[in-house]
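Keep the viewer open as you read.

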Amino acid sequence: MTTQIEILKIIGEHMEYLSSDSIDKLETIEGCYFQSITTEFLNSLTTSSFPNHSIKLKIGSPIMLLRNLDQNQGLCNGTRLVVTRLTKHVIATEIISSKNLGHNVYIPRMSMSPSQSLLPFKLLRRQFSIMLSYAMTINKSQGQS
């Protein structure tokens, strides 16, 4: 919820990217039981290190990659970027962390599934492998003063 509030603070029009969710019928045990699962249910599923069904972005939004895309360009899991342009099928960004600082790169949609899931079926989600990435400071006392 906090990320949606933070995105509203950035000036400009936002663009919403919705995923395309389905079930992998080849890797699902007893597939006939899962034919009644609705798209709305699949869209509501969230797991760690997996993009949400709906991603709302504005130009200038800080984002973080959730998957390795191209290690030579510095596009690895955890790379921080800032959005420079939003189009229907690709997001133009600038790297703001790692050795390729300042390089302009494009992030495509990709099909993925969670590596570890308690679901009795394999979820397939086609979405940008990113999440909003706002910094948070945590003050923690370690040791005795």
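## A walk through the fold

Start with Ser133, which sits in the segment after β9 (130-132); strands here are DSSP runs of E at least two residues long, helices are runs of H or I of at least four, and both are numbered from the N terminus. Ser133 counts as buried because its relative accessibility is 9%, where buried means under 20% relative accessible area, exposed over 50% and partly exposed in between (1.4 Å probe, protein chains only). Setting aside neighbours within four places in sequence, Ser133 is in contact with Pro62, Ile63, Met64 and Arg80, contact being heavy atoms within 4.5 Å. Ser133 and Leu81 are 52 residues apart in sequence, yet their C-alpha atoms are 8.8 Å apart in space.

Before going further, a word on what you're looking at. This is a predicted model, so local features need pLDDT of at least 70 and side-chain atom pairs count only at pLDDT 80 or more, while totals for chains, interfaces and linings use all residues. Residues are numbered from 1 along each chain as its sequence is written, and side-chain values use heavy atoms, with hydrogens and water left out.

So how confident is the predictor? The mean pLDDT of the chain is 80, and 78% of its residues reach 70 or more; pLDDT is the predictor's confidence in each residue, on a scale from 0 to 100. Where pLDDT is low, the predicted coordinates should not be read in detail.

Now for the inside. The largest nonpolar core has 16 residues, and those touching the most other members are Leu57, Ile63, Leu75, Leu81, Ile91, Ile107 and Ile130. A nonpolar core here is a set of buried Ala, Val, Leu, Ile, Met, Phe, Trp, Tyr and Cys residues joined through side-chain atoms within 4.5 Å. At least two residues of this core come from each of β3 (54-57), β4 (62-65), β5, β6, β7 (104-112) and β9, with β5 giving the most, 3 residues. There is also a second, separate core of 7 residues, including Leu42, Phe50, Met112 and Leu123. In soluble globular proteins, nonpolar side chains tend to be buried together.

Pick out Ile107 and look around it. Not counting residues up to four places away in sequence, Ile107 touches Leu65, Leu69, Leu75, Val90, Ile91, Thr93, Phe128 and Ile130.

The rings of Tyr17 and Phe128 have their centres 4.8 Å apart and their planes at 75°, so the pair is edge-to-face. Rings of Phe, Tyr and Trp (its six-membered ring) pair if their centres lie within 6.5 Å, with planes under 30 degrees apart counted as stacked, over 60 as edge-to-face and the rest as tilted. The pair links distant parts of the chain, Tyr17 in strand β1 (residues 15-18) and Phe128 in strand β8, 111 residues apart. Tyr17 and Phe128 are both buried.

What about charges? A search of the whole structure finds 1 salt bridge, between the side chains of Asp21 and Arg125 (2.8 Å, N to O); the term covers a side-chain nitrogen of Lys or Arg within 4 Å of a carboxyl oxygen of Asp or Glu. Asp21 lies in strand β2 (residues 20-23) and Arg125 in strand β8 (residues 123-128), 104 residues apart. Asp21 and Arg125 are both buried.

Finish with two threonines in loops. Thr79, between β4 and β5, is buried because its relative accessible area is 6%. Its side chain reaches the backbone oxygen of Gly74 at 2.9 Å, and a polar atom of the Thr79 side chain lies 2.8 Å from the backbone oxygen of Cys76. Leaving aside neighbours within four places in sequence, Thr87 is in contact with Met15 and Tyr17.

Technical notes
A polar contact is a pair of N or O atoms within 3.5 Å; within protein, one must be able to donate a hydrogen and the other to accept it, and residues adjacent in sequence count only if both atoms are side-chain atoms.
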